[in-house]
Amino acid sequence: MREVVHKRGARVTCLSHNDVFKIFNSSSKTTNIHSKKSNSLFVYPAQCNFSGAKYPLSWIKSVHNGVLSNVISSSFTRWYVLLDAAAFAATNRLDLSTFKPDFVCLSFYKMFGYPTGIGALLVKNSSADVLQKVYYGGGTIDVSLSSELFHIKRQNLHQRFEDGTIPFLSIVSLKHGFDILSSITMEKISKHVFSLAKFLYKSLLMLHHSNGKPVVKLYSDTDYSNHDMQGGIIAFNLIRSNGEYIGYMEVLNMAALFKIHLRTGCFCNPDLINGKPTGAIRVSFGYMSTIKDVEILLLMIKESFVDGIPLNKIPDWWPDHKTALYRKYYPFDTNIKRVTNNMTNNNENGITNELQNVKELVTQFVNDNQFFKLMSTDQIKKKCILEQLYIYPIKSCAAYKITGSWNLNSKGLEYDRQWMIITSSGTCLTQKQYTNLCLLKPTIFKDKGIMQLYYPGMPTIDVPLDDNSMTIIDGKVCQSRVCGHKVEGTDCGSDVSEWLSLAIGLPNLRLIKQNNYDSKRNDCTKPELSFSSQAQYLVINKTSVLWLSDKISDTEVQKDTIIQRFRGNMILSGCEAFEETEWKQIYIGKNVFEVTGPCTRCQMICIDQITGLKTVEPLRTLAEQFHGKIRFGIYLTKETKENGTITVGDTVRIL
C-alpha cells in the first residue's frame, strides 16, 4: 500500500510504536480541519498482529480533528482513517456507531478459522467518494471500448471494486461462524482470550532452566495487566540454558507431536527485533481455546526444551520493564510507583495467586457458554454417554457384548457381521424366517484367536478368527445376497457346517467369512460394509427405547430386555428421547461419525432376543405412535477409513 501511493507521488511517513504514543499523548488540543487542498490517510491496526497490543480506538476521532496535521504536514489537509481490524475483530467488539473510521478491513479467517482467504472492506458512506479506482477487472464496469482507452466504471461502490467472481460459497459458509459468535458476547470472548494470554505470558515469564537462565524471550508491548490494551496473542522465542536461541522450526515440529498448532516465522509481519529481521513463535487464542490448551503447551516446553528441573521465579528486569511500559502508555501519571512497585504483583506468590484467579475466570467462561457445554468433556458426560457396545459377529445371530475398548476398521467394529450362515442354495439365513438364530451366541476370544459358538443343548465349537489359520476346503468361495446386494466370503469348513445344521435344524448350512476385499465393489466413494444391511454402525438412544416401552401395554413383552430387540451397536444414555433424529454428526471418543439416516424397522424387532419368541410388539406401537413411519435408531458412518478404538463409557459430542 505504501509503495502504491509513493509511486503516485504521495508522501509516506511511518510512525514507530513509541512515536505514535508520544504524539497522541502530548497533543492537548486538536483542531477540526477540513481543507479541500489535499487528503491524507492514517492507517493503523486496532490490535497488533505480532504482540497483540491494542491501540486506542479514540485515535480515530483525534485524527479526524487534525492531531497529525502539525506533525506530518504543515499544510492543511483532510484526514481519513483506515482501521486494520483483522486481528482485533476476531475477539473484540468493534462498535462503529461510537468509533467511526472511514474504512475498516476485516479477516473472516481470523474470526472463524474458516474459510481461508476471505475478508471484507467496510467503507463509510460519506467517505466513499474519495475512493478513486485506478484499474478495472471483470464485472466492475458498465462500458469498455476496444478501439480506444475508454471505460465507465459502475456507480455502485461494491460493484465497482469487486473484480471478478466473488467466492460466494465461502461467503455462504460464514453464516455458521456468525451463528456461533452470536451465542457468546464479544466482551466475554475478549476477556476470555486475554485471560488465557495472561496466564501463558506470566507462566512463560517465570519459567527458568535449572541453572537460573530464562527459557523464554518474550516480545510484548504491555505487561498483560489490562485487557483493553492487550489481546490474546503471545510472541516469543525459546532459549537454551547456554543462552542460544532455539530455532522456531524445531519448536514447530515438537509442538506437532503434542498436537499443538503454532505460527512460526514472521507470519505476515515484516518486523524488526533489535534492528534485525527475524522469526518468532506466536500463540493466538480464540473463543474456542481453553486452559487445557495452555497447559499442554507449557508441558511441551518443559518436557522438550527446559534443561534440568524447571524453576519458577520473577526475572530481575521485570519491575523496571513494568515501569517503562507504564511510562509509555501513561506519560502524565505522576504516581507510577503506585502501579509498578506493588510487591504483591512482583513476587512469585503474587503471580501464582494471579494465575489461579485467571484459571478460575477461564473456567467460568467455559461453564457459562453453550459452545463449551457442547465441546467440554466434563459437561458432555452429563449429557450423552456410550453406555453399551455390541457386535454381531454372525449376521442375524446373537450379540457379543463388549465391556472395554474395541477396534474400529474401515468396515465398522472389528468382527461385526464378518460371518453369515447360508443355505445350500446360497441364501443368507436370517431371524425373519428362523427366529431361533438369536439363540446362537458367538463369543470372541482375541487372545486365543478364536470365536466360540454356543447353542442350547449343543457342545461349543471354535472358529478361527484369522483367515490364515482357517481350514478351507478347496479354498471355496461362496456367493450370497444381503438385502439385494451380491456378497462373497470364504467357507469356514465342514465341521462348523455340520454343527450349524444340527443346531438350527436345517441341512447343509455353511458358515462363510467375508473376504478382506470385495471384488464386485467398484464404487470407492461409498463406505466399506461388512455383511451388515445398510451402514457400518447402528445407534440406539436408551431414552427413546424407554419412552416407547412405556407406550406398550402387552404384558408378554419383557420391557427390561426390549432394547436388545433393536440390535444396536451403540447404546447411548443421558440423551433426550428421539433427539438423535436431529443429529448430523457426532464425536465418540476421538472418532468422528456422520449420521447417514434413520433405521427403517421390520418384524425383526418383534423377536425376543433372549427367548426367540415372536410378538406383535413393539412394531405395532411404533407404527401407531409415528403414523406408519416405522423408524427407530440412526445409522452412522465413520468419517475416515483410518482405524481407531472406541470404549464403553466414552463421551458422545453432538454437532
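Which residue lies over the face of F161?

1. K133 does, at 5.5 Å from the ring centre of F161. A charge counts as sitting over a ring if NZ of Lys or CZ of Arg is within 6 Å of the ring centre and within 35 degrees of the ring normal. K446 lies over the face of W406 too, at 3.9 Å from the ring centre.

2. On the basis of these values: this is a predicted model, in which local features need pLDDT of at least 70 and side-chain atom pairs count only at pLDDT 80 or more, while totals for chains, interfaces and linings use all residues. Residues are numbered from 1 along each chain as its sequence is written, and side-chain values use heavy atoms, with hydrogens and water left out.

3. The structure holds 22 aromatic pairs (rings of Phe, Tyr and Trp, the last by its six-membered ring, with centres within 6.5 Å; planes under 30 degrees apart are stacked, over 60 edge-to-face, the rest tilted). One of them, F108 with F112, is stacked, at 6.5 Å centre to centre and 0° between the planes. Both residues lie in helix α5 (residues 108-112), four residues apart, about one turn of the helix. (Helices are DSSP runs of H or I, at least four residues; strands are runs of E, at least two; both are numbered from the N terminus.)

4. F108 is buried at 11% relative accessible area, and F112 is buried at 14% (buried is under 20%, exposed over 50%, partly exposed in between; 1.4 Å probe, protein chains only).

5. W547 and F578 pair edge-to-face, at 5.0 Å centre to centre and 85° between the planes. W547 lies in helix α18 (residues 542-551) and F578 in the loop between β27 (570-573) and β28 (585-588), so the pair ties together parts 31 residues apart in sequence.
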